Amino acid sequence: MVPTLPDYLRQIPPTTLAFAGAVLALVLLLAWILEWRRRRRAQRAEAAALGQLRTITATMREGVIAYDMDLRLTLVNPAFERLTGHPEEDLRDQEFLQYVHPDDRPALVAEWERLAQGESLRDQEYRVVTRGGQIRWCASTWSPVRDETGRQVGYLGAEFDITERKLAEDEMRQDTELFQAVIEVQQAVASAGLDSGTVMRVIAERSRGLTGATGVVIETLEGDELVPVLRLGVESPPLKLNESLSGAAARTGELQRADDIEGDPRIGHRAYHDQGIRAILAVPLRHDQQVLGVLKVLSPTAGGFTDRHAKALRLLGGLVGASLEHAASFEARQARLERRTEALQESEQRFKHLVDAAQEGIWVSDERGVITYVNPRMSELLGYQNGSLVGRPIADFLDATARAGAQRALARPGNGAEALDLRFRRQDGAELWGLVSASPIPGRDGGMVGTVGMVTDITERKRTEERLRRSADRLTVLHDMDQAILGARSPAEVGRATLGRMRRMVPCHRCSVLLFDFARSQAQLIAGYSAGTTLPAGPIPIERLSPGDVLRRTSIRVIDDLAAVESPAPLLKELRDEGVRSVLSVPLLVDGEAIGEINLASTTPRGFTAEHRDIAMEIAAPLAIAVQQARLREELTRQTGELERRLAERGATLRALTAELETMVYAVSHDLREPLRHICGFTQLLLDDGGPALDPAVQHYAGRIRDGANRMSGLVDDLVSLARVARQDVLRRPVDLTSLAEDVVSRLEPQAEGRAVEWRVQPLGAVECDRELVGLALQSLLSNALKFTRPRDRTVITIRPVQHEGQAGIAVQDNGIGFKMAYAGKLFGVFQRLHRPDEFEGNGVGLALVQRVAQKHGGRVWAESNGDTGATFYLTLGAPPS
């Protein structure tokens with residue numbers, strides 16, 4: 001039996017047990033003291049390490065936090081406090097990891113066991129709730145903290161603020177989702193096909209889903225209105241561009257946003273207020289920089305759309321614009337395709353009918369170009385019996401001039417190749433134009449094993465084209481001829497210009513233009529050509545051409561074969577002897593009468609076709625008019641020359657008579673002066689010597705004789721002055737009219753003595769004129785003004801400059817008695833007076849002299865008056881002011 005421990009202890013003496021207990025207690029005490037000292041050193045080392053760690057982390061940008069093994073907070077640095085917004089005291093009072101977002105904390109705690117086992121935790125990302133309740137993202141790295149013995153004594157974490165990165169990632173994620181949604185919309189649009197209605201409905205539904213809108217409208221631009229073409233969840237009428245948000249989007253080309261339509265100045269209608277709409281987003285639908293319409297989403301909530309909604313709608317706007325344009329283009333192309341398909345089907349039906357009915361020539365040839373099949377129509381077109389074409393190359397039936405090029409084209413036919421206009425030769429040698437279409441026959445290996453061709457007879461079309469070409473050439477030549485005729489001055493020039501152009505259009509051996517003079521029984525050849533040689537102009541007796549009654553006819557004469565004509569006219573007989581066989585004569589008609597004719601001659605029978613006759617008639621009409629105008633022009637020139645000759649003769653005669661009359665007036669006036677001086681002198685002596693002794697009757701008669709002689713002397717002096725002015729040549733030189741007027745006024749001032757006369761001489765400038773003659777005219781005008789203002793208490797005479805029709809002159813204005821404008825035409829005649837001699841003295845020569853001066857200067861004189869308020873006389877001198 002094995003003794004137990006209590007049994008063993010009972011066998012030990014008590015003293016021994018007491019001593020052993022004391023020793024054990026002492027050992028335990030010593031061990032405790034050693035452990036306590038170790039812990040004290042460890043605490044001091046830890047405190048020192050924490051102090052160093054605080055110092056190191058105090059300036060770090062990363063947040064640093066430390067826990068001991070009991071998960072008690074031992075360290076936070078300032079960056080961590082800034083990160084969480086919690087001071088260290090608050091963090092110590094919190095539970096472990098309480099600053100981590102509750103949703104992220106369990107995952108971090110679950111990883112803590114690894115950290116407790118001495119591993120590190122890296123790239124831990126979680127949210128942090130700040131003291132202010134904000135959420136921030138952090139990336140942390142946790143490592144175990146060990147003492148100098150390597151024992152783990154805590155946990156150290158480094159927190160990095162990655163909020164901005166997370167926001168950017170979130171933004172990117174949302175953009176990715178948005179782009180993915182747009183891509184899905186694009187895929188949905190692609191799946192919807194190219195029907196514009198389906199495309200718009202898909203886009204409208206996806207727009208409502210992306211933005212959370214209750215209503216979507218797609219509008220197209222029509223004039224100054226936006227017309228809805230699709231409405232989803234809302235009623236929308238047509239809207240004006242200048243009073244709607246849609247209009248603003250269409251005008252500016254930019255997205256328009258209204259967070260609350262109440263009071264928005266861009267919205268000038270109430271179409272949506274009654275439906276409870278509060279917020280609108282409108283984006284223009286553009287394609288290739290052109291606004292097609294507007295996509296609009298609507299919400300009953302004010303501010304119901306965010307920036308992301310606007311961004312999504314802006315992306316959809318570009319997609320919608322392009323999709324709608326593509327859909328519209330597709331529908332247009334589809335419509336054209338359907339029309340073309342229908343046309344193709346109709347064409348196939350027509351082709352089948354044509355083949356069956358043999359209305360077009362069709363052939364099939366092998367790769368060598370040898371015919372293996374032709375339809376009956378092909379044989380008929382080429383004039384061969386059916387079947388006789390088989391076995392021969394298709395090139396054998398082509399015109400030799402077009403064979404080489406046609407062979408190359410037919411040897412390499414291409415699908416869709418253009419049709420060729422080819423010239424064939426029929427069996428009878430006649431020409432056949434065909435519109436040829438050839439297509440290759442592919443073999444199994446893709447190579448060409450033959451050709452199928454179709455020929456459409458276009459001979460008539462080619463003939464028409466040739467006629468049209470000749471007609472266009474004819475019109476060009478006619479126009480050229482009209483221009484040449486317009487430039488001609490005489491009938492001969494007109495005729496030569498006409499025949500020169502006609503020979504380019506109508507082939508002929510001989511051509512001529514004849515003008516008839518039935519009164520003289522002859523015709524005048526004004527232009528002609530024979531075998532390229534110019535025919536001399538000259539008269540031809542009428543009887544050599546044809547009888548006069550035949551020439552007077554207004555119809556065309558055609559001789560198809562001159563050899564078959566019995567007893568031709570002499571000229572026709574001469575032409576027949578020269579080898580002429582056919583003749584075409586076209587009359588030149590003016591007012592229905594034949595004034596001449598165009599004759600064309602050819603050396604071949606029936607040398608002139610209906611087209612040649614039409615050309616000749618077209619030329620004959622303008623030629624007749626041009627010849628008649630040239631005749632009238634020559635006659636007008638002749639009569640004008642004759643009239644000018646007669647006027648020159650009469651002018652010379654008139655000038656001679658005028659000179660003779662002026663010489664006679666001057667001589668008579670000069671010879672009358674001496675007797676008049678004698679009469680005046682002796683009469684005055686009689687009155688002076690006789691004095692009162694004379695009988696009163698004698699005194700009266702003597703006074704009358706003296707006054708009459710004085711008046712006659714004045715009249716003679718005026719006539720002499722008038723004659724001198726008429727005979728005197730004008731000597732033009734620059735004259736200061738102001739100085740001249742002042743000189744004349746100074747000479748007339750003695751006549752105004754005792755009267756209140758105001759002379760107003762304005763600056764008159766300088767004019768090239770004859771100073772002496774203009775001085776005489778001005779003196780006459782001012783003398784008249786002084787004379788006819790005598791009844792006025794105060795006289796005002798104004799001399800001012802005047803310009804009329806580019807000529808400089810003078811105006812003399814007074815405040816005298818004036819005159820009636822009905823008598824203005826009599827003022828400037830010689831010896832013409834409007835007043836009696838006892839009212840105003842004068843001989844009626846002064847204004848006639850003024851008129852002569854004006855005429856000699858190339859100017860004119862006229863007068864104006866308003867009755868008794870005065871008169872104004874105007875004198876121009878035929879030259880501009882200097």
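Nine aromatic pairs turn up when the whole structure is searched, a pair being two rings of Phe, Tyr or Trp (its six-membered ring) with centres within 6.5 Å. Planes under 30 degrees apart count as stacked, over 60 as edge-to-face and the rest as tilted. Before we look at examples, please keep in mind that this is a predicted model, in which local features need pLDDT of at least 70 and side-chain atom pairs count only at pLDDT 80 or more, while totals for chains, interfaces and linings use all residues. Residues are numbered from 1 along each chain as its sequence is written, and side-chain values use heavy atoms, with hydrogens and water left out.

Let's start with F80 and Y99. Their ring centres lie 5.0 Å apart and their planes meet at 90°, so this pair is edge-to-face. F80 belongs to helix α3 (residues 78-84), whereas Y99 sits in the loop between α4 (88-93) and α5 (105-116), so the pair links distant parts of the chain, 19 residues apart. Helices here are DSSP runs of H or I with at least four residues, strands are runs of E with at least two, and both are numbered from the N terminus. F80 has 0% relative accessibility and counts as buried, and Y99, at 2%, is buried as well. Buried means under 20% relative accessible area, exposed over 50%, and partly exposed in between, using a 1.4 Å probe and protein chains only.

Next come W112 and W142, with ring centres 4.9 Å apart and planes at 65°, so they too are edge-to-face. W112 lies in helix α5 and W142 in strand β4 (residues 135-146), so the pair ties together parts that are 30 residues apart in sequence. W112 is buried at 7% relative accessibility, and W142 is buried at 0%.

R503 lies over the face of Y529, 3.9 Å from the ring centre, and R860 lies over the face of W862 at 4.2 Å. For this, CZ of Arg (or NZ of Lys) must be within 6 Å of the ring centre and within 35 degrees of the ring normal.

Now for a hairpin. Strands β12 (residues 361-366) and β13 (residues 371-374) run antiparallel and are joined by three bridges; strands pair if DSSP finds at least two bridges between them. W363 stands opposite V374 in β13. Four residues lie between the strands, and G369 takes a positive phi near 90° in this hairpin.

What about cysteines? The structure holds zero disulfides, a disulfide being a pair of cysteine sulfur atoms within 2.5 Å. C138 is buried, at 0% relative accessible area, and C769 is likewise buried at 0%.

Finally, the largest nonpolar core has 40 residues, and those with the most contacts inside it are L737, L782, V812, F873 and L875. Such a core is a set of buried Ala, Val, Leu, Ile, Met, Phe, Trp, Tyr and Cys residues joined through side-chain atoms within 4.5 Å. The elements giving it two or more residues include α19 (737-748), α20 (771-788) and α21 (846-856), and α20 supplies the largest share, eight residues. Leaving aside neighbours within four places in sequence, L782 is in contact (heavy atoms within 4.5 Å) with V744, V745, L748, W759, I797, I799 and V812. Another core, of 28 residues, lies apart from it and has M502, V513, I619 and L623 among its members. In α21, the buried residues are L847, A848, L849, V850, V853 and A854, and just after this helix G858 takes a positive phi of about 80°.
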